[in-house]
Amino acid sequence: MIRRLLRFSTGTKLIDWMTWDWTPAVSFLVALDTGSDLFWLPCDCSKCVRGLKTSDNQMIEFNIYSLNSSNTSSKVPCSSALCEQQKQCSSPQSNCPYEVLYLSNGTSSTGVLVEDVLHLTTDEDKTKAVEAKITFGCGQTQTGSFLNGAAPNGLFGLGMDNVSVPSILANENLASNSFSMCFGVDGVGRITFGDRGSSGQGETPFNLRQSHPTYNVSITQVNVGGNTADLDFNAIFDSGTSFTYLNDPAYTLISENFNNFATEKRHTSNSSGLPFEYCYDLSANQTSFNYPIVNLTMKGGDYFFVNDPIIVISLQGGDVYCLGIVKSDNVNIIGQNFMTGYRIVFDRERMVLGWKASDCYDIEASNTLPVNPPTAVPPAIAVNPEATSGNANNTNISGASPSITSPSRHLKTLFYALTFALIPFFALI
């Protein structure tokens with residue numbers, strides 16, 4: 001999937017780009033992914049990404065984790081309950097291996113599981129450190145898209161499996177079994193462990209699958225430009241996917257209704273390499289344009305208003321704006337673009353998804369790394385997703401409610417995004 005990395009900070013420790021203090025302190029720039037479970041870092045590797053060039057041509061060098069450089073690290077034995085590949089172990093005392101294979105371009109991460117300590121502080125008492133021993137992957141070998149910056153300096157899985165960091169923090173009674181992620185309209189975001197939401201937020205239950213639960217929810221209606229259709233389908237909320245992926249009938253219903261309200265000429269060039277089917281040309285001096293609203297009704301009746309369904313992209317022949325939905329052949333994914341403007345709560349105690357409008361600045365500010373990385377292509381969902389198609393019973397309601405926006409605030413982000421391969425891929429377990 002196309003991935004966009006955001007600046008994030010945790011509630012237990014205010015952090016940008018998910019940096020941690022080991023012993024001694026080391027920082028890592030990782031992709032945050034609610035669609036997978038394992039947290040892994042490049043570790044004692046001979047072939048891995050060593051740095052990132054910023055938009056102003058500055059080079060940020062990455063740290064490579066090393067067991068020998070940390071006084072608090074240890075390898076996880078095969079006898080551990082978190083070792084999922086015990087069949088590959090020669091004895092219970094052997095080092096537990098891990099391997100994650102991805103469907104796209106031979107992408108994978110392999111290595112051994114290790115333990116180390118995160119030194120965190122709480123919002124209530126920032127002078128008191130909280131030590132959290134976590135299990136993660138010492139990624140000794142990365143292949144495919146990982147070598148092109150897909151997960152710049154590691155991948156931070158936030159799924160429901162016991163090996164994910166939110167699960168470990170909850171099992172050690174260091175935080176409630178819930179967390180939130182906030183996606184600001186300006187690209188700034190936050191992650192807060194232990195956040196169980198607030199009053200007045202929208203909510204919908206997770207659709208749990210016993211074999212491998214995910215943040216899968218049900219959508220019962222869609223509204224595009226005032227036209228409402230009853231449409232029952234499931235989708236996974238995946239922070240690691242920049243755009244939204246839908247299969248039919250949801251994809252065609254939303255896209256064609258959006259197209260009916262578009263006033264600009266539809267972009268027809270096949271040479272631009274865009275992953276989006278519904279794009280529209282903007283004139284050279286155009287500063288604003290109308291586009292229809294896109295809203296979702298979730299199971300339970302709460303509304304999820306999509307604040308920013310469009311993407312503005314700068315091409316050689318001029319600017320275009322696109323409906324930020326890609327047609328999927330299998331799983332439905334609600335990506336970061338649909339989460340913009342919300343604090344999304346992943347409540348694993350009550351098994352509900354919550355959301356509430358936020359500018360992501362209502363939490364204490366944190367220091368930031370001097371980098372605004374280009375969008376990469378990290379792995380999407382490390383699960384075998386359930387079928388997500390449904391039947392539609394369309395009911396049209398007349399009347400459009402177009403919004404007006406300016407393309408200028410979108411151009412830079414997507415220009416860098418499209419310098420990477422636009423290839424969807426999933427992980428196998």
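A disulfide here is a pair of cysteine sulfur atoms within 2.5 Å.

1. **What you are looking at.** This is a predicted model, in which local features need pLDDT of at least 70 and side-chain atom pairs count only at pLDDT 80 or more, while totals for chains, interfaces and linings use all residues. Residues are numbered from 1 along each chain as its sequence is written, and side-chain values use heavy atoms, with hydrogens and water left out.

2. **The disulfides as a set.** How many disulfides does the structure hold? There are six. Counting the bonded cysteines along the chain, the pattern reads 1-8, 2-3, 4-6, 5-7, 9-12, 10-11.

3. **C43 and C138.** These two cysteines are joined by a disulfide, with an S to S distance of 1.9 Å. The torsion about their S-S bond is about -75°, so this disulfide is left-handed. C43 sits in the loop between β2 and β3 and C138 in strand β8 (residues 129-143), so the link ties together parts that are 95 residues apart in sequence. Helices (H or I, at least four residues) and strands (E, at least two) are DSSP runs, numbered from the N terminus. Both C43 and C138 are buried; buried means under 20% relative accessible area, exposed over 50%, and partly exposed in between (1.4 Å probe, protein chains only).

4. **C182 and C360.** Another disulfide is formed by C182 and C360, whose sulfur atoms are 2.1 Å apart. This link is left-handed, with -90° about the S-S bond. It connects distant parts of the chain: C182 belongs to strand β10 and C360 to the loop between β25 (352-357) and β26 (392-394), 178 residues apart. C182 and C360 are both buried.

5. **C83 and C96.** Is this disulfide left-handed or right-handed? The torsion about the S-S bond of C83 and C96 is about 95°, so the disulfide is right-handed. The S to S distance is 2.2 Å. C83 counts as buried at 5% relative accessibility, and C96 is buried with a relative accessible area of 0%.

6. **Strand β13 and its partners.** Seven of the nine residues of β13 (residues 216-224) are buried, so this strand is largely enclosed by the rest of the structure. β13 pairs with strand β14 (residues 227-237) in the antiparallel sense over eight bridges; two strands pair if DSSP finds at least two bridges between them. N223 stands opposite T228 in β14. The two strands form a hairpin with two residues between them, and G225 in the turn has a positive phi of about 60°. β13 also runs antiparallel to strand β18 (residues 294-298), joined by five bridges, and V222 has L296 of β18 as its bridge partner.

7. **An open sheet of five strands.** Which order do the strands of this open sheet follow? The order is β11-β10-β24-β25-β12, with antiparallel pairing. β11 (189-193) and β12 (202-205) are the edge strands, each pairing on one side only. Strand β10 (residues 178-183) pairs with β11 over five bridges in the antiparallel sense, and F179 stands opposite F193 in β11.

8. **Backbone details worth a look.** Most residues other than glycine have a negative phi, and most peptide bonds are trans. D44 has a positive phi, near 45°, and is not a glycine. D44 lies in the loop between β2 (40-42) and β3 (51-53) and is partly exposed, with a relative accessible area of 42%. N173 is also not a glycine and has a positive phi of about 60°. The place of N173 is in the loop between α1 (165-171) and β10, and N173 counts as exposed at 70% relative accessibility. The peptide bond from D248 to P249 is cis, with omega near 10°. P249 is found in the loop between β15 (244-246) and α2 (250-261).
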